[in-house]
Amino acid sequence: MSTQENIIYFDYHSTTPVDPRVAEKVMYYMTDTFGNANSVDHYYGDAAAQAVKQARQQIAELIHASAKEIIFTSGATESINLAIQGYIQQNTPCKIIVSPVEHKAVLDTLQALAKKGLVEIVWLKVNSLAQIDLEHLEKVCSDGASLLCIMAANNEVGTIYPIEKIGLIAKKYNIPFLCDASQAVGKIPINFLDWGITYLAISGHKLYAPKGIGALAIKKGYHLQPIIYGGGHQQGIRSGTLNVPGIAGLGEACELRRLEMEAEEKAIAILRDKLQHSLQAQIPDLVVNGDLNNRLSGNLHISIPRIPNSAIIARVRQQLAISTGASCSSGTMAPSHVLQAMQLSENITEGALRIGIGKFTTNQEIETASSLLINAVNKIHQLI
Ligand code: PLP
């Protein structure tokens, strides 16, 4: 049995390790300055409130927003639910335009509301790279809609969307724009202020902060009905005692990404390309999925035709943590909705593997992972 320490972690889209500098901050706000940020009568509360204020500023700086526009949540799933449910409560019935390659946090929320008759969904068209057809987007926007939902970067194939262009279209037709930027914040530049985004969802654990903390940026002048009621925290939009350690950690993680992202993402892309080229050299029929010209640095989404991904996973799982992207429902494995929307052949979807690397990935890990995957493929080829 392998110990976790010996298994190379290449699943950074699923979650990232917490940066030790972030963990130190989180620990400090759990054990030392542990006050409730809403305790206005003493120093402990003041110090916690100060930490929250600083974190708001750090997040705002990374995404070019104003600190007042940041609402803390438990993660991107809650941020997305707050944006969609909080929006439709004040605007029913709603016509919502959505991309079919969004995360389930968006799709399942919309589908649940559609079932209740609260929402009419208008689907966008995507191509085999998971890119959105912008002409079709413009056409459906010109017919009018209540909300547009498009992510900044895809969590499976890593495709980066032209958010600035999409924001311009949304603005032209006066449609509020929810952008799920869970995979993008801290990886690529985001300009909340200038890009016509109305609501922007952020997830802490995708950018080296802990799980259970996230944020929603809400453009000045826009309001949302709360989905969680209570003590009226955060302008009444999201009640509940603030998760000060998580918030301070998210703030620190955003500050570090602001300072280090550009250089680190370049280095990550070099490692990713090295892995890609070494796999391509030894596995001639390897297919690389997604938009290779607009792709997250840490993403390598591959298919090995005629070899089911489960066969590769079974051979490497004691040494390498990678993902098929499939989800398990009712005991059967369903192929990813993203690959289905891209209309890739069965051969490609069945062989699909998502590799996600990040800032702690080393050159040695890339070399070892490459050999592991090539050996696994060769052994399977010998059997078939
Ligand atoms: N949106 C995208 C694109 C994601 O990748 C994820 C995480 O898997 C989420 C939303 C949900 O984020 P969280 O885990 O913070 O709820």
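## Model and domains

Domain bounds here come from an automatic or database domain assignment. The chain splits into domain 1 (4-17 + 260-383) and domain 2 (20-257). Their C-alpha centres are 28 Å apart.

This is a predicted model: local features need pLDDT of at least 70, side-chain atom pairs count only at pLDDT 80 or more, and totals for chains, interfaces and linings use all residues. Residues are numbered from 1 along each chain as its sequence is written, and side-chain values use heavy atoms, with hydrogens and water left out.

## The domain interface

Contact means heavy atoms within 4.5 Å. Domain 1 puts 30 residues into the contact and domain 2 puts in 33 residues. Buried area is the accessible area (1.4 Å probe) that two parts lose on being put together, summed over both. For domain 1 and domain 2 this comes to about 2,800 Å², with 52% of it on carbon and sulfur atoms. M261, L296 and H337 supply 24% of the area that domain 1 buries against domain 2, more than any other three residues.

Polar contacts are also present. The term covers a pair of N or O atoms within 3.5 Å; within protein, one must be able to donate a hydrogen and the other to accept it, and residues adjacent in sequence count only if both atoms are side-chain atoms. Between domain 1 and domain 2 there are 22 residue pairs in polar contact, both residues at pLDDT 80 or more. On the side of domain 1 that touches domain 2, α7 (244-282), β10 (299-303) and α9 (337-341) each supply at least two residues. Helices (H or I, at least four residues) and strands (E, at least two) are DSSP runs, numbered from the N terminus.

## Salt bridges

A salt bridge is a side-chain nitrogen of Lys or Arg within 4 Å of a carboxyl oxygen of Asp or Glu. The rule gives 16 salt bridges. It finds three across the interface of domain 1 and domain 2. R257 pairs with E265, the closest N and O atoms being 2.6 Å apart.

R354 forms a salt bridge with D11, at 3.0 Å between the closest N and O atoms. R354 is in strand β14 and D11 in the loop between β1 (8-9) and α1 (20-31), so the pair ties together parts that are 343 residues apart in sequence.

Two strands pair if DSSP finds at least two bridges between them. Three strands make an open sheet, ordered β9-β10-β14, with antiparallel pairing. β9 (287-288) and β14 (352-356) are the edge strands, each pairing on one side only. Five bridges join β10 and β14 in the antiparallel sense. I302 stands opposite L353 in β14.
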